[in-house]
Amino acid sequence: MKNWFTVEPDVTRIMNKHFTPGRGGQRIEYITRHHLAGILTTEQTWQVWQTRQASAHYVVENSGRIGQLVWDRDTAWSNANLASNQRSIAIEHSNSGGAAADWPINDTVIREGARLAAALCWFYKLGRPQFGRNVRDHREFGQTSCPHHLANGGKYHSTWMRIAQEHFDWMTANPSGIPPTVAPIPAPAPIPEEGFLMALSDAEQRELLTKTRDIHAQLGPWAQLGQNDKGQNLTLVDAVADSRRKQGHTKEK
Ligand SMILES: [Zn+2]
């Protein structure tokens, strides 16, 4: 695939027949999976479909190369069901061994097909690939076993779905197509030693300071409280003690 984010295939060989221009007013809703019963390149598939009334949007070749044969905006003749054809994008997966080997599909084709489906889900905003919702199988719509071992419950199904979801998640996390740069995590700022004053607002701290100064001033010394025997003004504490002494509350008489 040349570009997952623009869904640009490796090769384009657009059909000149056996498809329908446009989608009959329908919008793309899901991907339909197919198994290509032949080990064919895009060009060879194009040739086969010249004489068969069939087509699909994409072919994943045995090499993993992805070819486009019908534009996404047009209706491929893939699912033997008009309503389904108009709403889906068809992906053919090449097999790698034919009937004698029971139609194996190699890992590369599974991977590239799943990634292509994920890219289409991403591009057309169909959501994360989920079978039965935005990923369907050909056999749901016609009298066929296609996509055979790739079908839901088949031996390739779960791997295909896992790769599709992983690829979708990767694309969602990196919409620019650039691998994420790991931003350094800044060291946490030191937590200041928090005294009780930290809980007060600036205004409250100012008020507290003013009142503290007032109280300090009220403690004296003041001339009104009298003077000690050295002629110094008494503080409030001195004056109270002096007063108690004079009233006989203490043993110091
Ligand atoms: Zn099919």
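Threonine 212 counts as partly exposed because its relative accessibility is 46%, where partly exposed covers the range between buried, under 20% relative accessible area, and exposed, over 50%, with a 1.4 Å probe and protein chains only. The model is a predicted one, in which local features need pLDDT of at least 70 and side-chain atom pairs count only at pLDDT 80 or more, while totals for chains, interfaces and linings use all residues. Residues are numbered from 1 along each chain as its sequence is written, and side-chain values use heavy atoms, with hydrogens and water left out.

Threonine 212 lies in helix 5; helices (H or I, at least four residues) and strands (E, at least two) are DSSP runs numbered from the N terminus. Between threonine 212 and isoleucine 39 there are 92 Å in space, C-alpha to C-alpha, and the two are 173 residues apart in sequence.

The loop between helix 5 (202-218) and strand 9 (222-227) holds leucine 219, which counts as partly exposed because its relative accessibility is 36%. Together with Ile215, Leu236, Val237 and Val240, Leu219 forms a nonpolar patch on the surface with about 430 Å² of accessible area. Helix 6 (residues 236-246) contributes the largest share of this patch, 3 residues. Such a patch joins nonpolar side chains (Val, Leu, Ile, Met, Phe, Trp, Tyr) within 5 Å, using residues with over 30% relative accessible area and no salt bridge, a salt bridge being a side-chain nitrogen of Lys or Arg within 4 Å of a carboxyl oxygen of Asp or Glu.

Elsewhere, nonpolar residues form a core, meaning a set of buried Ala, Val, Leu, Ile, Met, Phe, Trp, Tyr and Cys residues joined through side-chain atoms within 4.5 Å. The largest nonpolar core has 31 residues, of which Trp4, Tyr58, Ile91, Leu116, Leu120 and Trp160 touch the most other members. Helix 3 gives the most to this core, with 9 residues.

The zinc ion has as its protein donors His34 (ND1), His138 (ND1) and Cys146 (SG), at 2.1 to 2.3 Å; donors are N, O and S atoms within 2.8 Å of the metal (3.2 Å for Na, K and Ca), and since water is not among the atoms, sites may look incomplete. Histidine 34 lies in strand 3 (residues 30-36) and histidine 138 in the loop between strand 8 (135-137) and helix 4 (157-173), so the pair ties together parts that are 104 residues apart in sequence. Both histidine 34 and histidine 138 are buried.

Terms used
Patch = residues over 30% accessible without salt bridge, like charges linked within 9 Å, V, L, I, M, F, W, Y side chains within 5 Å. Areas by Shrake-Rupley, 256 points an atom, 1.4 Å probe, with all protein chains shown as cover.
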